Amino acid sequence: MTTPIEDLGAARIAEPDEGISVEELRLAARNHGMPLEALRYDVTPHGLHYLLIHYDIPEIDESSWLLRIDGLVNLPLVLDLDELRRLPRVTHTVTMECAGNGRARLSPRPVSQPWLDEAVGCARWTGTPLAALLDRAAVEPEAVDVVFTGADHGLDRGVEQDYERALPLAEAMWPEVLLAYEMNGEPLLPQHGAPVRLLVPGWYGMAHVKWLRRITVLDHEFTGYQQSVSYRMSKEADEPGEPVTRIRPRALVCPPGFPDFMTRQRIVDAGTVPLRGRAWSGVAPVLRVAVSTDGGTTWQDARVHPAPERYAWQAWDWEWTAAPGHHELSVRATDASGLTQPVDQPWNRQGMSNNMVQRLPVLVRG
């Protein structure tokens, strides 16, 4: 449902001297990033995984929950949770990242959820492959897009809507795409989409529709708000922009030493400082992670470990001989397709797919 009404939260760009607003702080309090020290975990614990909730967490009675698969199919389906759980089970370890990760670091700043670098996590998701259910429903040859509708409902820039996203049929039929009902071996928590959410490995988080209630097959491209207006990369307000799809390569360092409370500047002792972190890309495996300790002037290659699964993040490590003084750590990933993190910001109006390098100030004590 898309009903235009009074636009209470029009998209805009912050003024040069404009600070974070109360509205943005309210969003930041409802949502949360992963503390970067959690990069130490191969699998992110439930409570540390990043979280973004567009509207409200819907109230859903699992005993009466139903999933409908309809549209351009010969055999429409209606399944309850028990029926879904009796289908073949598959588990994938998947890195999930918000498309707006890094938005608050852009200048000028797009006004929205003010992410820094922490909107990411890597979890083990269990569910049943979507492709088998689409086959069972007998999708018709004219099918183009598959639309996923969540139970969360709200207003975005003057449009009242259910949260809906679509995948091209070919992408929806990938064997890795799941209807997930468990996270890290336990039933989904309400905030993570219980009882069932979509899992699309390699894609940014907006594609992993939570609180799933309906799947509709269309004979045309879906033009709903979250597809054609939101999650687009454009420089000007009147441009349609490029759609956000797969996760671009990124590396992060697990902060060494200990932090200053307010600034989060790290403090370490001079000498050998082991650095470690994670890297990932939804396009291709990460082949290289480079580390800089001087703000990006010079780079050294770290050791990159293979991922335990294709869409899980990869560990990397490097030893730094740290001299006393102030330093700025940066890391950048390059994947097998040749994509490399930019040092400078790739700006767009919504602050999407921003994968510029992390910058971490460190004081080395002598």
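Reader: What should I know before I start?

Author: The model is predicted, so local features need pLDDT of at least 70 and side-chain atom pairs count only at pLDDT 80 or more, while totals for chains, interfaces and linings use all residues. Residues are numbered from 1 along each chain as its sequence is written, and side-chain values use heavy atoms, with hydrogens and water left out.

Reader: In which strand does Gln-314 lie?

Author: Strands are DSSP runs of E with at least two residues, numbered from the N terminus. Gln-314 belongs to strand β21, residues 314-322.

Reader: Is Gln-314 buried or exposed?

Author: Buried means under 20% relative accessible area, exposed over 50%, and partly exposed in between, with a 1.4 Å probe and protein chains only. Gln-314 has 7% relative accessibility and therefore counts as buried.

Reader: Which residues does Gln-314 touch?

Author: A contact means heavy atoms within 4.5 Å. Not counting residues up to four places away in sequence, Gln-314 touches several residues, among them Gly-277, Arg-278, Pro-285, Val-286 and His-305. With Val-286, a polar atom of the Gln-314 side chain lies 2.9 Å from the backbone nitrogen.

Reader: How many cavities of 30 Å³ or more are there?

Author: On a 1 Å grid over the protein atoms alone, a cavity is a set of points where a 1.4 Å probe fits but cannot get out; lining residues have an atom within 4 Å of a point. Grid points are joined across faces, edges and corners, and a volume is the space filled by probe spheres set on the points. The count is two. The largest cavity holds about 210 Å³. It is lined by 20 residues, and those closest to its centre are Leu-52, Arg-197, Gly-205, His-208 and Lys-210.

Reader: What about the second largest cavity?

Author: Its volume is about 90 Å³. Of its 14 lining residues, Trp-280, Ser-281, Gly-282, Arg-310 and Tyr-311 are the closest to the centre.

Reader: How many disulfides does the structure hold?

Author: A disulfide is a covalent bond between the sulfur atoms of two cysteines. The test here is a pair of cysteine sulfur atoms within 2.5 Å. The structure has zero disulfides.

Definitions and conventions. Helix = DSSP H or I, 4+ residues; strand = E, 2+ residues; numbered from the N terminus. Polar contact = N/O pair within 3.5 Å; in protein donor to acceptor, adjacent residues only side chain to side chain. 1 Å grid on protein atoms, 1.4 Å probe; cavity = no way out; pocket = protein on both sides within 12 Å on 5 of 7 lines; lining within 4 Å.
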